[in-house]
Amino acid sequence: MTVEQQTRFRTLKDIPTPDYMSPGGSLCAGCGGLLAVRLFHKVLGPNLVWVNAAGCLTVMVNYPYVPLKSNWLYTAFASAPAGAQGVRDAFDILIQKGKIPAEEDVKVVVLTGDGGAYDIGLQSTSGAMYRNLDFYYLCYDNQAYGNTGFQVSSATPIGSATATTPPTPSEPGGNMFKRKDLFEIWRAHKPPYIATLSSSFAVDFLRKVEKGSKMKGPKLFISLAGCPTGWGYDPRETIREEKLAVDTGIWPLKEAVNGEVKHTYLPRALKPVEEYLSTQARYEHLFRPTKRTEVIRMIQNDVNNYWKMVSKDENVEIRLVGE
Ligand code: SF4
């Protein structure tokens, strides 16, 4: 069966109309994380329990008001996967004992930012994968600790200024640490499904959530989360920013089914990373007052090297920048 035959999502017109989130809310305008939750919810429907680790998106709930037409459980930063285990076990036992019908079963989704996913919650996530917990894990990756003032996380990219890695005379390029590779950390645990997402490629996004929903076990979705407040761009431009991240090759769209990696979008020719970096205030120090060519080149080289590897592995031709 072709991919087209396996999915109910073929064009943007197939985005389901029912919305399981109320409009309004207390998050920043243009939040890419919120957009990711909205799309994710549309695929899985209302029978969900969100287990929300501390982070930006916990702010969407102002007790006792919850903007979701589903269930929501708040946990501390490190323990969302443990919370998900408790919810999953409770439903399994209730169904087994005939206390609730199987049709009333729910899907359990951990919702976390990159601080929880890459740093503080990594240990409990590893434990949940080890126990082969049947759950979804949605990381909205805005590449820093957004709700506490945009401090560096281990998902912050090279060159980004954050509250804790501002450009200084001794480190004029901002953050100089490479992001952890969460996709590969998960892959080493051998879960059935892992995917990267961006709301700017909505059909690809929906298809992946649909595909993961057919598999039992731990399922990871890392969604780029454009963050106007922390990245420094106009809130209207979230989709444009996320699309640029994909078109420059900075944010590859890919999946791993039972460990086998495949890119779901292969740009024929990459756009220069400069086109993306120059639109965000967090990279402003790379352009003004002096252009930090060495840092921009370092970022471009990393991107080129990644796609060289993809070209070889997936036997496709991709035009790189400056080579
Ligand atoms: S800081 Fe960024 S990620 Fe957090 S709510 Fe605001 S826009 Fe969203």
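## Contacts of V51

Contact means that heavy atoms lie within 4.5 Å. By this rule, and leaving out residues up to four places away in sequence, V51 touches L73, T75, A80, G83, A84, V87, V108, V109, V110 and L111.

This is a predicted model, in which local features need pLDDT of at least 70, side-chain atom pairs count only at pLDDT 80 or more, and totals for chains, interfaces and linings use all residues. Residues are numbered from 1 along each chain as its sequence is written, and side-chain values use heavy atoms, with hydrogens and water left out.

## Nonpolar cores

A nonpolar core is a set of buried Ala, Val, Leu, Ile, Met, Phe, Trp, Tyr and Cys residues joined through side-chain atoms within 4.5 Å; buried means under 20% relative accessible area (1.4 Å probe, protein chains only). The largest one has 55 residues, and V51 is among those with the most contacts inside it, as are F135 and W186. Helix α11 (residues 293-314) gives the most to this core, six residues. A second, separate core of 32 residues includes F9, V43, V61 and V209.

## The sheet

Helices (H or I, at least four residues) and strands (E, at least two) are DSSP runs, numbered from the N terminus. Two strands pair if DSSP finds at least two bridges between them. Eight strands form an open sheet with mixed pairing, in the order β2-β1-β3-β4-β6-β5-β7-β8. β2 (71-75) and β8 (260-263) are at the edges with a single partner strand each, so one side of each has no neighbour in the sheet.

Strand β1 (residues 48-53) runs parallel to β2, joined by five bridges. V49 has N71 as its bridge partner in β2.

Key:
Buried < 20%, exposed > 50% of the residue type's maximum accessible area, 1.4 Å probe, protein only.
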